[in-house]
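I opened a new page for this structure. I wanted to look up a few things and write each one down.

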Amino acid sequence: MQQDWILGLIGGGLIGMAGALFLLVNGRVMGASGIIGGLVDGSGRSDWQERAALIAGLFIVPAIAAAAIGGSETNLTGNWVVIIAAGLLVGIGTRLANGCTSGHGVCGISRLSLRGIVATAFYIGAGGLTMVLFKHVLGVI
Amino acid sequence: MRVVVSFLTGSLFGLGLLISGMTDTTKVQGWLDVFGDWDPTLAFVMGGAIIPMAIAWRFTIGRKPVLAAAFPTPPEPRIGRNLVIGSTLFGAGWGLAGLCPGPAIASLSYGGAGGLVFVIAMLTGMVLTPGLRVRFDRALPAT
């Protein structure tokens, strides 16, 4: 749809402003996998309230906003094997690489971090190859 | 106060993810699927997010955060094995389901049972990673 890119730009701007707020006020990098991972593996125990508060906002506000517009749709696959394999890969991969789309992508690229740029190149490349293999060759997704 | 700012950060982040369409897995997979019906939305989201963030990084030069002692120092510019392998594994999972950590949490309320199972699997992977990393480093010492 034609308006998708406009909404993408506006939503992206909000994501960037969220990252800017977190950086300029709290002095922290807004990386979703690091904030969540530090909470579940115990490495972020010292600032757990801040992590929990960020995750609470990340969950509650889209919940309210989606309900207000009559619901939203993730269109997630119904294949449980794919869902579980993907979740494990995302969890392990982002923690091993110390970052995901928000940390390496948004926050890393914007400071011209070599690590962020390389990580982004690899996860986009791997995502693209996964689409070729599992959608076009094997027809699983 | 830092807790309030953290909540506001998560709120803006989540709202941005919903508005941009990034909690819709077909938009993410559509962007990764260059040989299918390619969807450019994700590039606009990334661009829209990187611009304010780049300005914020410029602003940190010679200043201090409002509620912290110092800004985060840049990590060593070392491209380690874990960065490359981890990002590759992450990308494979991202392609398979079309979800990454932020949108997975943001869409929990409307993502159904599948979204919940994805988050449980992701958290399990995150809990397992420190142990896996130790074994991995022992088997293949980093150069």
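**Ground rules.** I note that this is a predicted model, in which local features need pLDDT of at least 70 and side-chain atom pairs count only at pLDDT 80 or more, while totals for chains, interfaces and linings use all residues. Residues are numbered from 1 along each chain as its sequence is written, and chains are lettered from A and ligands numbered from 1 in the order in which they are written.

**Chain A.** I looked up the secondary structure and found six helices and zero strands in chain A. Helices (H or I, at least four residues) and strands (E, at least two) are DSSP runs, numbered from the N terminus. The C-alpha trace of chain A spans about 45 × 35 × 30 Å along its principal axes. Of the 141 residues in chain A, 57% are buried. Buried means that 20 or more other C-beta atoms lie within 10 Å of the residue's own, with C-beta atoms placed from the backbone.

**H4 with H4.** I next looked up helix H4 (residues 80–96) of chain A and helix H4 (residues 81–97) of chain B, whose axes come within 7 Å and cross at roughly 155°. Axes are lines fitted to C-alpha atoms, for helices over the stretch in contact, and angles run from 0 to 180 degrees between N-to-C directions. H4(A) and H4(B) are therefore roughly antiparallel to each other (angles over 145 degrees count as such). The residues of this contact between H4(A) and H4(B) divide into 15 nonpolar, seven polar and no charged. Nonpolar covers Ala, Val, Leu, Ile, Met, Phe, Trp, Tyr, Cys and Pro; charged covers Asp, Glu, Lys and Arg; the others, Gly among them, are polar.

**H1 with H1.** The axes of H1(A) and helix H1 (residues 2–20) of chain B come within 7 Å and cross at roughly 165°. That makes H1(A) roughly antiparallel to H1(B). I sorted the residues of the contact of H1(A) with H1(B) into 16 nonpolar, eight polar and one charged.

**Leu24(A).** Is Leu24(A) buried or exposed? Leu24(A) counts as buried because it has 21 C-beta neighbours inside 10 Å. I placed Leu24(A) in helix H1 (residues 4–26) of chain A. Not counting residues up to four places away in sequence, Leu24(A) touches Ala56(B), Phe59(B), Pro65(B) and Val66(B). Contact here means that the C-beta atoms of two residues, placed from the backbone, lie within 7 Å.

Terms used: Buried ≥ 20, exposed ≤ 12 C-beta atoms within 10 Å, placed from the backbone. Parallel < 35°, antiparallel > 145°, perpendicular 65-115°, else oblique.
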